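Please look at the sequence and the structure below. The briefing that follows covers cavities and the surroundings of a ligand.

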Amino acid sequence: MTRLHPEPLPERLTVLDRTLVMGVVNVTPDSFSDGGRWFEPAAAAAHGLALVAQGADVLDVGGESTRPGAERVPPDEERRRVLPVVRELVAAGAVVSVDTTRAAVARDAVAAGAHVVNDVSGGLADPAMVDVVAETGVVYVAMHWRGHADVMDDHATYDDVVVDVRDELAARLAALEAAGVRREQVVLDPGLGFAKPGRDNWPLLAHLDALQALGRPVLVGASRKRFLGHLLAGPDGTPAPPDARDGATAAISALSALGGAWCVRVHDVAGSADAVRVAAAWSAARDERQDQHSHTQDGDHRA
Ligand code: PMM
């Protein structure tokens, strides 16, 4: 089976016949799951390299929290946070993604060596983003989005969440192509937890095939999100805290990999690095047996 990878990516990633693992490097004082821990550039870069040692294929560097209710960070501050970390990680040989909705930050990060632009707004937050993606030609993750963190919970109504998210992503893909972005550059992402109440995240995960039907690789970002806290709530209903959600995150990584995800974006890399390898061995064994079975049936048919 040949995997669908976006282009262009270093060959050492495209030869891998498994789901990739993207490790999160948040250079923010306030991210919901690891806020403040890696706020200094040197600490953030060291954290990124530790994630590579644990099995991250790509590092996603972000300087603006997207936690529900979060306020925006001024562009210069976002740049100040992100660029030194991107530079240092690229210099160390890592494949780097920049998590930003701002075209100017994306442009500078690509100039600093970033291979991927990860835009949680899918190009909706900043109209100049599509031009940066078209001009630089880098891989672009377009996530399903209905508004910034301070208002997104007001836009969380769906007729059928799977159909609505698929159709809105299809519209984004068409708009990107119309603006000169090559289809091959684009990765699609259902945007778990973004304008999605807890119950709406599960059908999206269980029906990744609906997004894959759009013909692009799919990225899943479930790591430590609120809906997992609710799933794992204690007997009194108190949600499990973010750092108690890594086992559930790894389980989602394995299931997403079996469901055909191209990449999982996670904070705890070690668990998901194992999970995607388990899924690869599992699906290889399944495919092999199916091949043998269909050959036997062909043989029977010919006899
Ligand atoms: N989630 C967060 C941030 N960036 N990017 C993509 N493509 N998909 C996601 O689901 C996603 C993202 C929020 O999580 P964080 O604040 O822990 O980074």
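By class, the 15 residues that line the largest cavity comprise six nonpolar, five polar and four charged ones. Here Ala, Val, Leu, Ile, Met, Phe, Trp, Tyr, Cys and Pro count as nonpolar, Asp, Glu, Lys and Arg as charged, and the others, Gly among them, as polar. This is a predicted model, in which local features need pLDDT of at least 70 and side-chain atom pairs pLDDT 80 or more, while totals for chains, interfaces and linings use all residues. Residues are numbered from 1 along each chain as its sequence is written, and side-chain values use heavy atoms, without hydrogens and water.

**Cavities**

- A cavity is a set of points, on a 1 Å grid over the protein atoms alone, where a 1.4 Å probe fits but cannot get out; lining residues have an atom within 4 Å of a point.
- Nearest the centre of the largest cavity lie S65, T66, R72, H148 and A149.
- The second largest cavity, of about 50 Å³, is lined by E64, T66, E78, D99, T100, T101 and V120.

**Ligand**

- A ligand nitrogen is 2.6 Å from a side-chain N or O atom of D189, and a ligand nitrogen is 2.9 Å from one of D99.

Notes:
A polar contact is a pair of N or O atoms within 3.5 Å; within protein, one must be able to donate a hydrogen and the other to accept it, and residues adjacent in sequence count only if both atoms are side-chain atoms. On a 1 Å grid over the protein atoms alone, a cavity is a set of points where a 1.4 Å probe fits but cannot get out, and a pocket is an open set with protein on both sides within 12 Å along at least five of seven lines; lining residues have an atom within 4 Å of a point. Grid points are joined across faces, edges and corners, and a volume is the space filled by probe spheres set on the points.
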